[in-house]
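Subject: The structure we talked about

Hello,

Here is the structure I promised to pass on.

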Amino acid sequence: MNFKKIYFFISSFILVFFTILLVLFLNYFLIFEIKIIENSFIFILFLTLFGSLFFLLISTKILKPIFQSEENIKNSIKNRLHELNIPTSTIKINIHLLKKDLTDTKSLTRLERIEKANDSLSSLYNNMEYEFKKEFENIDLEDFSLLDALKNSLDKFEDIKKDTIIEVFVPNNVVLHSDYNGFIIVLDNLISNAIKYNSKENPYIKISFENSVLSIFNKGLGIDTKNIMLVFDRYFQENSQNIGYGIGLAVVKEFCDKNSIGINIESFEDGNRINLNLRSILN
């Protein structure tokens, strides 16, 4: 437990303790010294208001350092994010300028690798900015095409999918109303997992949409039935040898719960299918 949490709990306990003590003392003084009737409604109301006002005034001063610290962290993160975006934008501009001057295939290939690495950095920046806004600010909801969102996500995996066959059966008229960046992060995690845990022989992914349900199927080993609910726990990995930290599906579950999207996993002999019921965000 960090210092701020300890400080908060101790401060809250002291505030509540002394507020109750003060109210009890005032209660004793008014009843036994001034002889005010104990069960008087006005008397009880007065004690309640006095205790509430005392707690509010004192807590504001005592807890102010915590609130100020949160505000400082918020401003610091916002400034660092802005500074992070500057070099990635500079790299992107210079890559485009270099492409005009370079002609040999080897140099262009290396430049393309740099460009893809910079795109990954930009993607990480966008994710960090999204997480910041989600934590400290309001996220705007917008209308967007499910198929376009899928294409956006799938484009990121063109280089790492290798020989994985990905088939998409999603109509182009499905429109969602939700947090676009958050939904893209969900798709990125699900598609990444589908590629990572696919069969080594003839890897295959099928993405389909039917009856308001988006399904992503991948070939591979089926998830053990006793672990199907555990896979959404943060840091859980069915196989400790797998690459990663076991965070992806926890992020997916968090988004789905927040947006009332039903989520479940079906395990088969030849693979797994994850289903998202998008009825709540269909436009």
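Below is what I found in it, going from the whole chain to single residues.

Please keep in mind that this is a predicted model.

The whole chain

The protein chain contains seven helices and seven strands. Going along the sequence, their order is α-α-α-α-β-α-β-β-α-β-β-α-β-β. There are 283 residues in the protein chain, and 31% of them count as buried. The accessible surface is about 18,800 Å², with 59% of that belonging to carbon and sulfur atoms. Among contacts with a separation of 6 or more, 66% are between residues 24 or more positions apart.

Helix H6 and its two partners

Two packed helices are described by the angle between their axes and the distance between the axes.

With helix H5 (residues 146-155), H6 packs at an angle of about 55°, and the axes are 9 Å apart. The two helices are therefore oblique to each other, and H5 passes H6 in a right-handed crossing. On the H5 side the contact is made by Leu-146, Ala-149, Leu-150, Asn-152, Ser-153 and Leu-154, while H6 brings Tyr-180, Phe-183, Ile-184, Leu-187, Asp-188 and Ile-191. Sorted by class, the residues of this contact are nine nonpolar, two polar and one charged.

With helix H7 (residues 248-258), the axes of H6 come within 9 Å and the crossing is at roughly 145°. Here H6 passes H7 in a left-handed crossing. From H6, the residues taking part are Gly-182, Phe-183, Ile-185, Val-186, Asn-189, Leu-190 and Asn-193; they meet Gly-248, Leu-249, Val-251, Val-252 and Phe-255 of H7. This contact has eight nonpolar residues, four polar ones and no charged ones. Phe-183 is listed in the contact with H5 and also in the one with H7.

Which residues of H7 are buried? They are Gly-248, Leu-249, Ala-250, Val-252, Phe-255 and Cys-256.

Some single residues

Val-168 sits in strand E2, residues 165-169. With a relative accessible area of 34%, Val-168 is partly exposed. Leaving aside residues up to four places away in sequence, Val-168 touches Leu-147, Leu-150, Leu-154 and Ile-207. Lys-206 is 38 residues from Val-168 along the chain, yet their C-alpha atoms are separated by 6.1 Å.

Asn-85 belongs to helix H3, residues 64-101. Asn-85 is also partly exposed, at 29% relative accessible area. Asn-85 and Leu-121 are 36 residues apart in sequence, and their C-alpha atoms are 9.1 Å apart in space.

Finally, have a look at two loop residues. Lys-162, in the loop between H5 and E2, has a positive phi of about 55° although it is not a glycine. Is Lys-162 buried or exposed? Its relative accessibility is 71%, so Lys-162 counts as exposed, the cut-off being over 50%. Ser-260 is in the loop between H7 and strand E6 (262-268), just after H7. Phi of Ser-260 is likewise positive, near 55°, in a residue other than glycine. Ser-260 counts as exposed too, at 56% relative accessibility.

Happy to go through any of this with you.

Best wishes

Terms used
Residues are numbered from 1 along each chain as its sequence is written. This is a predicted model: local features need pLDDT of at least 70, side-chain atom pairs count only at pLDDT 80 or more; totals for chains, interfaces and linings use all residues. Side-chain values use heavy atoms; hydrogens and water are left out. Axes are lines fitted to C-alpha atoms, for helices over the stretch in contact, and angles run from 0 to 180 degrees between N-to-C directions. Helices (H or I, at least four residues) and strands (E, at least two) are DSSP runs, numbered from the N terminus. Angles under 35 degrees count as roughly parallel, over 145 as roughly antiparallel, 65 to 115 as roughly perpendicular and the rest as oblique. A crossing is left-handed if the near helix is turned anticlockwise from the far one by less than a right angle, and right-handed if clockwise. Contact means heavy atoms within 4.5 Å. Ala, Val, Leu, Ile, Met, Phe, Trp, Tyr, Cys and Pro count as nonpolar, Asp, Glu, Lys and Arg as charged, and the others, Gly among them, as polar. Buried means under 20% relative accessible area, exposed over 50%, partly exposed in between (1.4 Å probe, protein chains only). Accessible areas come from the Shrake-Rupley method with a 1.4 Å probe; for residues, only the protein chains shown count as cover.
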